[in-house]
Amino acid sequence: AFAYVKEKTTGRTFSPLLEWLEIPPYQRMSNRFKQVLSRKASRSTYQLGVEDIEDSFGFRICRQTLHTYVKQTCSGISCIGEPNPDHVILLADGTKVRNGKKTRHHEVRVLASYGKENDKVILAQEINKEWQEIAKDVDFEQYQVLVADGESGIKENLCKEHMRFHLCHLHAINDVSFYLWKNGCGRKEAKPYINRLEQLLYTLQNSTKKYWRDKDVMRLARRIRKTKKCVKELADLLIMKGLVEAGEFLQRHVNHLTTAAELAPTGLKVPWTTNGMERLMQEVGKRTKKKGMYWSEKGLQRILSMILKRYVLPKNRRTYIEIFTNNITEGIES
């Protein structure tokens with residue numbers, strides 16, 4: 001039982017210990033402790049969360065109570081950071097999360113800037129918004145390159161006139177594989193075409209890595225020209241074989257596959273893939289894409305805010321205090 005005292009001047013009765021613990025009247029835990037419990041909901045389901053709470057603290061709450069704590073504590077979280085003036089590269093990606101309605105999926109889209117030390121700052125995170133809407137709230141002036149996949153709307157809305165676009169090599173290979181399958185090309189028949197594309201792209205990557213060691217610009221320029229020529233020949237071959245969609249995809253993006261190599265002589269190290277963003281999307285997927293999960297937009301936003309805020313924080317700062325404050329970090333190493 002807590003001791004209560006009465007303040008003579010005001011007549012207010014209160015418990016000094018409860019006030020020191022920041023536990024409001026008629027409550028049994030502080031807001032900070034509710035944040036500790038809510039953070040567990042960002043790592044696993046609500047059912048597993050309440051089991052973890054019982055194991056950790058020796059008392060049990062129901063799933064609905066934990067959900068209530070999440071609603072109370074997560075409304076003020078923002079994972080959006082202040083632009084880092086040293087960042088000149090943008091990464092963009094999206095993923096789908098089930099919503100249980102006729103539309104079936106929420107579209108989660110994230111835009112982040114990328115620094116020389118592999119540090120990232122989340123510039124925009126939206127649910128069910130098109131890239132065109134997302135671009136309205138971002139100042140693109142300082143950025144030089146956009147690295148993304150071939151999703152419709154990314155290049156058109158996020159890559160401004162003064163910027164270059166680089167198509168993620170892994171997505172390019174996967175997209176060509178998909179179009180070959182769509183055009184009726186079996187796995188065995190498609191394998192030589194995919195192997196050829198992989199050979200061209202990985203050779204270009206190795207040549208660019210060698211450039212960073214020997215600074216031989218002419219050799220790199222020859223490799224870039226040869227890569228473009230061979231990709232065009234592969235595209236023409238696919239079209240001639242009746243695999244039109246795969247061939248036209250390569251024709252559209254032949255100049256976007258070599259952007260990272262072309263910018264190397266300027267001193268800019270552009271990532272070949274969107275692996276940094278894919279890793280972030282894996283964090284989102286681990287929590288939100290389990291079988292039987294269906295999310296409302298508000299519920300998904302609360303969980304996403306916790307996940308993304310935790311992801312961009314350095315490992316030694318991934319505490320509940322850092323997550324639930326509004327002090328957004330600068331670029332953080334992944």
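Where is threonine 274 placed? Threonine 274 sits in the loop between α11 (259-263) and α12 (275-288).

## Basis of the model

This is a predicted model, in which local features need pLDDT of at least 70, side-chain atom pairs count only at pLDDT 80 or more, and totals for chains, interfaces and linings use all residues. Residues are numbered from 1 along each chain as its sequence is written, and side-chain values use heavy atoms, with hydrogens and water left out.

Helices (H or I, at least four residues) and strands (E, at least two) are DSSP runs, numbered from the N terminus.

Threonine 274 is buried, with a relative accessible area of 1%. Buried means under 20% relative accessible area, exposed over 50%, and partly exposed in between (1.4 Å probe, protein chains only). Leaving aside residues up to four places away in sequence, threonine 274 touches Ala92, Val147, Ala148, Cys168 and His171. Contact here means heavy atoms within 4.5 Å.

Valine 270 lies in the loop between α11 and α12. Valine 270 is buried, at 8% relative accessible area. Its contacts, again not counting residues up to four places away in sequence, are Ile89, Val145, Val147, His166, Ala260 and Leu263. Valine 270 and aspartate 149 are 121 residues apart in sequence and 14 Å apart in space, C-alpha to C-alpha.

## Helix α3

Helix α3 (residues 46-57) has 12 residues. At 1.5 Å a residue they should span 16 Å, and the end C-alpha atoms are 16 Å apart, which agrees. The expected span is 1.5 Å times one less than the number of residues.

Which residues of α3 are buried? They are Tyr46, Gly49, Val50 and Ile53. These residues cover an arc of only 95° around the axis, which puts them on the same side of α3. The arc is that of the directions from the helix axis to the C-beta atoms. The buried residues of α3 pack against α2 (31-41), α4 (63-74), α12 and α13 (297-312). Just after α3, glycine 58 takes a positive phi of about 80°.

## Helix α7

Helix α7 (residues 169-182) has 14 residues and should span 20 Å; its end C-alpha atoms are 20 Å apart, in agreement. His169, His171, Ala172, Ile173, Val176, Tyr179 and Leu180 are buried in α7. Their cover includes β7 (164-167), α8, α9, α10 (244-253) and α12.

## The α8 and α9 pair

Helix α8 (residues 187-214) and helix α9 (residues 217-240) pack at an angle of about 170°, with their axes 10 Å apart. Axes are lines fitted to C-alpha atoms, for helices over the stretch in contact, and angles run from 0 to 180 degrees between N-to-C directions. The two helices α8 and α9 are therefore roughly antiparallel to each other; the term applies to angles over 145 degrees.

By class, the contact of α8 with α9 has 13 nonpolar, 4 polar and 5 charged residues. Among those in α8 are Leu197, Leu200 and Leu204. The α9 side includes Leu220, Ile224 and Val231. Ala, Val, Leu, Ile, Met, Phe, Trp, Tyr, Cys and Pro count as nonpolar, Asp, Glu, Lys and Arg as charged, and the others, Gly among them, as polar.

Most residues other than glycine have a negative phi. Glutamate 22 has a positive phi near 60°. It is found in the loop between α1 (16-20) and α2, and is partly exposed at 46% relative accessibility.

Lysine 215 also has a positive phi, near 60°. Lysine 215 is in the loop between α8 and α9. At 46% relative accessibility, lysine 215 counts as partly exposed.

How values were computed: Parallel < 35°, antiparallel > 145°, perpendicular 65-115°, else oblique.
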